[in-house]
Amino acid sequence: MLNRDQALALLQWAGEQNPGPWTDHSLHAARAAQEIARRCGLDGERAWVLGALHDIGRWEGVRDLHHTIAGYRLLMEKGDEGAARICLTHSFPLPDPSVYLGEWDVSEAERAFITEFIARARMDDFDRLIQLCDALCLPQGVCLIEKRLIDVALRHGVSERTPEKWRAIFAIRDEFERRMGASVYAPFDEAVSNTFTARIG
Ligand SMILES: [Fe+2]
């Protein structure tokens, strides 16, 4: 398993290959995952690593769904199967690949692999935690989930099944709020200012 220093070094390398706001988003997702995990009795260090690496497949350039399988491959090569898994699962809060909003810029074989992987995946605490933190974090930090969902919709579009996906994310938020005994925004001082001032889209 990769530790924090290894994950950070990998993210820095990936950011040099394909510079963009995605690396700041990843660092905030890592911090959010750590803070929420600690409040739920989960391993905060592991959560940080998984949050930092969930989009690592973006190292290869500006791609859409392909970033999930690129990250999976890279992290399998690095020997961290759990982090590799999250590269795939973080994009599917609904375990139905047909709901993915972006472009399926993958080969037929990759499409078949992703579809089967997600169909078989039993989402665990860390899968759901990173799905949540992906939905919480702009490149500027934590904001209202609803704002981040609009940010994603403006960039990737929506379908008639988008509300289903949004409800799945709200259900994950509710689950973690029950476990924390607090709002998922409570640990994050920047949430209010990001919600009202960060530019999106
Ligand atoms: Fe992400």
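Ala33 and Leu53 touch the most other members of the largest nonpolar core, which has 50 residues. Such a core is a set of buried Ala, Val, Leu, Ile, Met, Phe, Trp, Tyr and Cys residues joined through C-beta atoms within 7 Å. Buried means 20 or more other C-beta atoms within 10 Å of a residue's own; exposed means 12 or fewer; partly exposed lies in between, with C-beta atoms placed from the backbone. Helix 7 (residues 125–136) gives the largest share of this core, seven residues.

This is a predicted model: local features need pLDDT of at least 70, side-chain atom pairs count only at pLDDT 80 or more, and totals for chains, interfaces and linings use all residues. Residues are numbered from 1 along each chain as its sequence is written.

Helices (H or I, at least four residues) are DSSP runs, numbered from the N terminus. Helix 5 (residues 81–89) has Ala83, Ala84, Ile86, Cys87, Leu88 and Thr89 buried. These pack against helices 3, 4, 6 and 7. Contact means C-beta atoms, placed from the backbone, within 7 Å.

| Partner of helix 5 | Residues |
|---|---|
| Helix 3 | 44–53 |
| Helix 4 | 66–77 |
| Helix 6 | 108–120 |

Helix 4 and helix 5 pack at about 175°, axes 7 Å apart. Axes are lines fitted to C-alpha atoms over the stretch in contact, and angles run from 0 to 180 degrees between N-to-C directions. The two helices are therefore roughly antiparallel, a label for angles over 145 degrees.

Glu175 lies in helix 9 (residues 162–180). Glu175 is partly exposed, because 15 other C-beta atoms lie within 10 Å.

Note on methods: Two residues are in contact if their C-beta atoms, placed from the backbone, lie within 7 Å. Angles under 35 degrees count as roughly parallel, over 145 as roughly antiparallel, 65 to 115 as roughly perpendicular and the rest as oblique.
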